[in-house]
Amino acid sequence: MKNNVVLIGFMGTGKTSLGKILAPKLGCAFVDLDQKIETDNQMTIPEIFKRFGEKYFRELEKNAVKEVSKRRGIVIATGGGTVKDEENIKMLKENGIMICLNCDVDEILFRTEQKGDRPVLDEHHKNHGDRKAAIEKLLAERKKFYDQADYKVDTTNWSPLQIIDDICKYLKES
């Protein structure tokens, strides 16, 4: 088995919350890429976007991917757009099993309205007016990247423990 488990998927699908549960169950450390970027830069992601823009953030993200993908025995939760860069996918897959978390659009809408700033989604929403349409547009744009995952799990109707059990079963079988 490859050494890392990499959780990818759209914002609000549960990458961070499930990663925090999955890592100790596998006896691994947990790394949230977005939290790492914030800690390393002593700034929140919305602040980075506001001050320096998305392009700069994506450079920071690529550097973080480079660093964490060299580690062994970790569960990595990526940002929703991390996989838009083919080089990021290549680095993460080199030593990791990539699991994509999917979710129903209405559930993503609900979850992302509940939790803080989402710079990419907020910008699309501002430009297009309809938050649900913005989610659908971003999901369509990212589908080809999410489709490169080794395994997919729909997090819409399952409890966190059911999702973790499903992922662990897949990891044992692969």
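Author: Let us begin with the packing, keeping in mind that this is a predicted model: the buried residues of α1 are in contact with β1 (4-9), β2 (29-32), β3 (74-77), β4 (96-102) and α9 (160-173).

Reader: Which residues in α1 are buried?

Author: A residue counts as buried when its relative accessible area is under 20%, and in α1 the buried ones are Lys15, Leu18, Gly19, Leu22 and Ala23.

Reader: Why do the buried residues of α1 line one face of the helix?

Author: The general idea is that an α-helix has 3.6 residues a turn, so residues three or four places apart point the same way. In this case, when one looks down the axis of α1, the buried residues fall within an arc of 135°, and therefore they line one face of the helix. On the other side of α1, Pro24 and Lys25 are exposed.

Reader: How many residues does α1 have, and what span does it reach?

Author: Helix α1 covers residues 15-26, which is twelve residues, and it reaches 16 Å from its first C-alpha to its last, close to the 16 Å expected at 1.5 Å a residue. Just after α1 comes Gly27, whose phi is positive, at about 75°.

Notes
Residues numbered from 1 in each chain as written. Predicted model: local features only at pLDDT ≥ 70, side-chain atom pairs only at ≥ 80, totals over all residues. Heavy atoms only, no water. Helix = DSSP H or I, 4+ residues; strand = E, 2+ residues; numbered from the N terminus. Expected span 1.5 Å × (residues − 1). Buried < 20%, exposed > 50% of the residue type's maximum accessible area, 1.4 Å probe, protein only. Arc of directions from axis to C-beta. Contact = heavy atoms within 4.5 Å.
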